[in-house]
Each structure stands twice: as C-alpha cells, then as structure tokens.
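Please consult the sequence and the model shown below while reading.

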Amino acid sequence: MNEEVKEKPVVEIPDFVTVRQLAELMVVSPIDVIKELMSAGVMANINQQIDYETAAIVAQEMGFEPREETPAIAEETAEGGPTLLWDRLYAGEDPENLKPRPPVVTVLGHVDHGKTSLLDAIRHTDVQASEAGGITQHIGAHQVEHNGNSITFLDTPGHEAFTAMRARGAHTTDIAVLVVAADDGVKPQTVEAINHARAARVPIIVALNKIDKPTAQPDVVKQQLAGMGLEPDDWGGTTLCVPVSAKQKIGLDDLLEAILLVASSTEIKANPDRSAMGSVLEGHLERTLGATATILVQNGTLRVGDVVVASLSYGRVRRMLDESGESIEEAPPSTPVMILGLSGVPNAGEMFRVVPDERTARAIIAKREDELATKAAAPVRAFTLDDFSSRILAGQAKELNLIVKTDVQGSIEPIVNSLEKLVVGDLKVNVVHAAAGNISETDVNLAIVSHAIIVGFHVSPDPAARRKAENEGVDIRTYDIIYKLIDEVDMALKGMLEPTYVDVVIGQAEVREVFQIPRIGAIAGCYVRDGEARRNARARVLRNEEQLFDGHVSSLKRFKKDTREVRAGFECGVGLEGCHDFAEGDTIQFYVKEREKTA
C-alpha cells in the first residue's frame, strides 16, 4: 500500500494550457490551481494560458509527475509520412482556433545558380521592401505581397545553415524553393539541397533560373530533376517547375503563384489569438541597442510588453522593428521582427516563447541551466549502428538512414546500389544523401536532423565534423573495402552486429591534492601531464602502477567552473563516479572506447 502512495500519478501537459484545462487534466478544482499559481508568484485567471514549465511546477507541487504531451502526429513523422513542421507548435491547440497564415519559404540551390539574385528580384517586386534599403539584409527575412496574400522569405546562406538550424531544433520553413540554372543543370550542391529539404520534410518547388540565356536547356535540366525523383508537373509529375529569369524579371509572378498554390494545399495555419512562440533566426549585440534578436513568430501574436524566454536569455520586449526598420506594436504568425530588451543574445535556431511574467522567466532559465549542467556532465549517448541492430532485435526499427561519403564520384553508384538492395523482411536501407568528398560538419548536421549514420569509403571526417559528431553522438564509420561496408550494414539489418572496441588513452593527470566535499565525496586536485582530461571519458586510477579504479568521470572543473576538457599543463578538479579513495601522487588515466578501425 505504501508503494502505491509513493508513486505519483502522471499528467501529460501541452506546450501551452489554460488554468481550466490544467485542472481538468489533473481532475482537481481550478481554484486549487489558481492558489498554487499565486503561491508561485503568478497571477492568472481561470481562462488564462500558462506555458509548460509553469504548469509543470504547479503539477509537481500538487503531487503529480508532469510530462510533455507528445503530438499525436509524431509517430507518423517518424514513419516518413507527410507532415507539417509546425506540429510541435500546435500541441494542445483547438483546430477551430487555427487560421491561415503566410507561408514561410527558404530558397536553396547551387552557389552560382542565382539564389541571391532571385531573392533580390522578388524583394523588389514589393515597393515597401525596395524602399527599406539595407535593413532587409540585416533582419535576415522579409515579406512580400502578391494578389493580396503575404509570403515570408528567409534569407539563409544555403542548405548548410538551413539544416544547422534544424539540427538545433528550429522548424522554420513551410516550403523550399530550389533554384537550378537552366544553362548549368543539377550540380552536387543541388543534390545536397534536395536531400536536405527532403530530410526537413518540406515540399519543394523548382525555380528554373536563367531561362533568358541562349545556352539554356530547360528540358535537359528537367530530365536531370526527374532522375532525382522531382518529376516536373508538365511531365505528369507532382513537382511544380517554374521557368524564371531573376535578371530579366521573368516568371516571378508565376513563382509566387506556385508558392501560394502549394501553401493552400498544405493548409498552413496558426492561432493568432494565443501567446506567441517561434524560432530565433539570429542574435546580435548592438553597441547602441544592446542585445537584439531577429525572430520568426510561428504561432500566436507577439506584442510590445510581452515577456519572452529564448534559450538562456529573457526579457520584456521594449521595442519591435519590422523589415523596414519601422517600430510596430504586434507581430502575427509568420512575421519576422527584430526585438529589443533581452538579457543576452540567444543562439540562432533556438525556440522562443512568451511567458506570464519575468519571475516565471527567471525560474525557467534557472531550470534550463540546471538541465544543461546535468546534460553536459552526462556522457554523450550516440545512436550507432550497434544500437540500430539492437532495436531490430527488439522490433523497434523498420528503416536505417545512411549518409554515404566516398573519395570519388565513381564509387557512389555501386555502393548506394548495393546498400539499397539490402532488404531483410520489412527492413531496408534509406540513403538520405550520397556525395564525394570528406565528411563535413554539414553532413553531421544532416545526420542529426534525419537520425542517420554516416558511412565513408576512403574518406575521413574533418576536425569540425569530428568535434560535432562527438558532441552530438553521431556515429561515423569509415571503410577501405566496399564489401566490409556492405557486410556491416547487412549484419546490422539482421540484428547480428557484434562491435569490437578498443581503449584509447587520451590523457594522464597527477593527483596533487585531495578535497572532501560534503554530500559529494572526494575530489582530486590534478595537474594534467599530457594529452587532455575529458568529462565524457572514462578514467583509471593508478597507484604504483596498480589499477585501483575504473569508471566514468562524474565531474571536471577548472576554477570551480564545469568544463568539457582540460589540456596538458593546466590544473583541474576531477570527480569519478563511485571512487573516493584518492591519494597524492596517484595517476588518473583518461581513455575513451573507440571502435576498432574496419579494414
């Protein structure tokens, strides 16, 4: 009986919920919820919306175990079905409150195919935008009007930035416009852009640019696109392919019509009558304005005076500037604005939301800081080929997403063909992206977004990619023999993969002092002699060459601050999980387990 009392009932709470709805979820009186909010310093009436963090605090105080509500469509997304990227923003929304909003469009394509020229041409079709001067470039987004309808364009540098933002959690785009030069055709960067847009699960519209050039061959390009799975609509396919010329201002109206047509078919909606939330596009520290953030309102309406939380920054919105640099009082869904009044500069790609007051904002920031510290101290958990093999045995996986990188273009086709032929029952391989060249940070970002594993043939990850993969837990495997690559993937599909790991020593430190910390235990004050001490590593304690302990690093500090790594020649404090028997003169050997290199 006592065990039942200790077990707290679970309550699933959406991102935003009214006081009445929260009371109904917990089957308690709304008056009790209001009292609990008042004791937490939040004044709210029965119909007022509160965010998840506030609701979770109330639920905990009332004896419940709060959990974030998972949108019902999440499983469909995982299976690869067509979804909108805004589902997580709609959690708990009444469909009757959703109204059409302007589509948000990102322009992607090869570097020399006219992305910037096309954006400039579209921008200058709007008189107000053309009068704005350089402010549009600064804000990183703009809106144009076409036949009484608004369209928001994001000025991202390319698919790398587009996917990097998605890798950090931002879902900013409804439609991707793929720019392909009619005189140059599909290039490697074009293929990358297509794969990145598909990983984001957004509809693609093709803008066939430079059709005014005498060397243009639109039919040849359409044939190339059809080979990539983008069958043009005038060939009986489903991809809208619009001929344009940014230089001659040809076909721009047709492109805008195509965007509005796709937007109407995908029912792009939001609730303008709720508290605002959305994504941070970029942040700056201005000398005269202080911390500023360019944000995209994705749901709700943002107003001057609202209290905003974004990553570890918060503040009351003192002023809002639109793309023309004009002050505005409110920003409805799909509106890009620059806001002033934040305590710090938030990172691009972070989500923002409006909260009831600054006290609530500070409580949320404190909770996030604690969660980040806990997460940073914990070892990175990767999704590896071995994990996929285990999930197959447990009946939890149906498809293995791979990113394939090779040294030469000629190796791609035989490897991809061999991988796609691997089918074990209902299980199959899905090659998200395949290209020649070393493994880059962009590949790692794409792997994060698409939950993929990177396999390389005669290539290696560059330093930035390796660091990113280590921090984010992305599995990178390199091979020198094709059949070894194919065999390992085949064995993973069959759930038979047996990994082989070796211990790689990355650094050694000498214990020079031992500190006893209440409720924590012994901490070793160390001097790193060679290599580096790393928090996500394992460690051995050696005394007179005898091993006394082997386990995980629980904490790594330098000058009382948590740190990821400490290099040779510096001092640090080291805590080991389950080890309290340090002595001056001991050696702490830091090591990581690495998969034995495949021949």
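The sections that follow go from the whole chain to its sheets, helices, cores and cysteines.

## Overall composition

The model is predicted. The chain has 599 residues, of which 50% count as buried. Its secondary structure amounts to 18 helices and 35 strands.

The accessible surface of the chain is about 28,600 Å², and carbon and sulfur atoms account for 48% of that area. When contacts between residues at least 6 apart in sequence are considered, 72% of them link residues at least 24 apart.

## The antiparallel sheet of eight strands

An open sheet is built from 8 strands in the order β17-β16-β22-β13-β14-β21-β18-β19, and its pairing is antiparallel. At its edges stand β17 (313-316) and β19 (327-328), each of which pairs on one side only.

Within this sheet, strand β13 (residues 277-286) and strand β14 (residues 290-299) run antiparallel and are joined by 9 bridges. One of the bridge pairs sets H284 against T292 in β14.

## The mixed sheet of five strands

A further open sheet has 5 strands in the order β24-β25-β23-β26-β27, and here the pairing is mixed. The edge positions belong to β24 and β27; each has a single partner strand, so one side of each lacks a neighbour in the sheet.

The parallel part of the pairing involves β23. Strand β23 (residues 399-406) pairs with strand β25 (residues 427-436) in the parallel sense over 8 bridges, and E399 has K428 of β25 as a bridge partner. β23 is also joined to strand β26 (residues 453-457) by 5 bridges, again in the parallel sense; T406 stands opposite F457 in β26.

The antiparallel part lies between strand β24 (residues 423-424) and β25, which are joined by 2 bridges. Here V423 has K428 of β25 as its bridge partner.

Helix α4 (residues 52-61) is mostly covered, with 7 of its 10 residues buried. The buried residues of α4 are Y52, E53, T54, A55, A56, V58 and A59. Just after α4, G63 has a positive phi of about 90°.

Helix α17 (residues 463-472) has A465, K468 and A469 as buried residues. These residues lie on the same side of α17, because they span an arc of only 100° around the axis. P463 and R467, on the other side of α17, are exposed. G473 follows α17 and has a positive phi, near 75°.

In soluble globular proteins, nonpolar side chains tend to be buried together. The largest nonpolar core of this model contains 27 residues, and those with the most contacts inside it are L118, F153, I205, L255 and I259. At least two residues of this core come from each of β6 (104-109), α6 (115-123), β8 (149-154), β9 (175-181), β10 (204-209) and α12 (252-265). The largest share, 8 residues, is supplied by α12.

The surroundings of L255 illustrate the packing. Setting aside neighbours within four places in sequence, L255 contacts L118, I122, V177, I205, A207, V242 and V244. Another core lies apart from this one and has 23 residues, including V511, C526, L556 and I588.

## Cysteines

How many disulfides does a search of the whole structure find? The search returns 0 disulfides. C572 is in no disulfide, and the nearest cysteine sulfur, that of C526, lies 5.3 Å away. A disulfide would require the two sulfur atoms to be within 2.5 Å.

Are C572 and C579 buried or exposed? C572 counts as buried because its relative accessibility is 7%. C579 has a relative accessible area of 6%, so C579 is buried as well. The limit for a buried residue is a relative accessible area under 20%.

Key. Residues numbered from 1 in each chain as written. Predicted model: local features only at pLDDT ≥ 70, side-chain atom pairs only at ≥ 80, totals over all residues. Heavy atoms only, no water. Buried < 20%, exposed > 50% of the residue type's maximum accessible area, 1.4 Å probe, protein only. Core = buried A, V, L, I, M, F, W, Y, C linked by side-chain atoms within 4.5 Å. Helix = DSSP H or I, 4+ residues; strand = E, 2+ residues; numbered from the N terminus. Contact = heavy atoms within 4.5 Å. Arc of directions from axis to C-beta. Pairing = 2+ DSSP bridges. Areas by Shrake-Rupley, 256 points an atom, 1.4 Å probe, with all protein chains shown as cover.
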